[in-house]
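Please read the following note beside the sequence and the coordinates.

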Amino acid sequence: MDRQFQCGARGIERRVALELGICVTLAPGLAFAQTDPTRERPREGDLLVAVGAQAPEPLTVDKVPENKPTMAWPMDPESSTVRSGSRLNKVLLLRLDPEGFDSETKDHAAEGIVAYSAVCTHTGCDVVNWHPDRRLLECPCHNSVYDPMAGAKVVSGPAPRRLPALPLRIADGRLVVAKSFTGRAGFQQM
């Protein structure tokens, strides 16, 4: 009987040691991922900077061309940390005539500029195609089409939901995040 207890005790000790070893090994990575400021979602007060810009300079209204998408990242205004550590933070900006906006879109827009998650809600590709003649956004992967004038609702294709909006405001001529995304950025696995 003593022999079985000793074997059992060694098994428990070994399992506990393995679990602790795994936790110690993984914990620093998990802790870093949770505190990495470049991965944090856009926050109220963040500025927007162009994707690919060599020096992160806040976008102003006049830097967003009319009727042409601009990709941007949120940036913490105090630390100048660009939140580009997660592709779910990529923002698609469009400057359009606000006369055609529905009431919800008008509430999220700033001087005709709307901001949406650039990640398609179908399988997570970047929404990069713009059809200026129809004023529609399209994901090139599976052809989901979104209407930026109507809160980026799905017009056609397999996307299950609209692109989340990122409400904006203007401060000192610069684009500023007014609130976080109106929904979960990215796609949802079934």
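Is C141 buried, partly exposed or exposed, and what is its relative accessible area? C141 is partly exposed, with a relative accessible area of 37%, where buried means under 20% relative accessible area, exposed over 50%, and partly exposed in between, using a 1.4 Å probe and protein chains only.

This is a predicted model, in which local features need pLDDT of at least 70 and side-chain atom pairs count only at pLDDT 80 or more, while totals for chains, interfaces and linings use all residues. Residues are numbered from 1 along each chain as its sequence is written, and side-chain values use heavy atoms, with hydrogens and water left out.

1. The disulfide. The structure holds 1 disulfide, the term being applied to a pair of cysteine sulfur atoms within 2.5 Å. The partners are C125 and C141, with their sulfur atoms 2.1 Å apart, and the link is left-handed, with -110° about the S-S bond. The pair links distant parts of the chain, 16 residues apart, since C125 lies in the loop between β4 (113–117) and β5 (129–131) and C141 in the loop between β6 (136–138) and β7 (145–147). Strands here are DSSP runs (E, at least two residues), numbered from the N terminus. In contrast to the partly exposed C141, C125 is buried, at a relative accessible area of 18%.

2. The nonpolar cores. A nonpolar core is taken as a set of buried Ala, Val, Leu, Ile, Met, Phe, Trp, Tyr and Cys residues joined through side-chain atoms within 4.5 Å. The largest has 20 residues, and those with the most contacts inside it are L94, V127, L137, Y146 and L163; β3 (91–95) and β4 each supply at least two residues of this core. Apart from it lies another core, of 16 residues, among them V91, A110, L166 and F181.

3. The surroundings of V127. Leaving aside residues up to four places away in sequence, V127 touches M71, L92, A118, V119, C120, L137, E138, C139, Y146 and L163, a contact being heavy atoms within 4.5 Å. The list includes both C120 and C139, the two cysteines whose sulfurs are 3.8 Å apart.

4. Positive phi values. Most residues other than glycine have a negative phi. Against that background, S80 has a positive phi of about 60° although it is not a glycine; S80 is found in the loop between β2 (70–75) and β3 and counts as partly exposed, at 42% relative accessibility. A152, likewise not a glycine, has a positive phi of about 55°. A152 is found in the loop between β7 and β8 (153–156) and, at 0% relative accessibility, counts as buried.

5. The sheet. An open sheet is formed by 4 strands in the order β5-β6-β7-β8, with antiparallel pairing, where two strands pair if DSSP finds at least two bridges between them. The edge strands are β5 and β8, each of which pairs on one side only. The twist averages 35° from one strand to the next, with axes as lines fitted to C-alpha atoms and angles running from 0 to 180 degrees between N-to-C directions. Between β5 and β6, which run antiparallel, there are 3 bridges, and H131 stands opposite L136 in β6.
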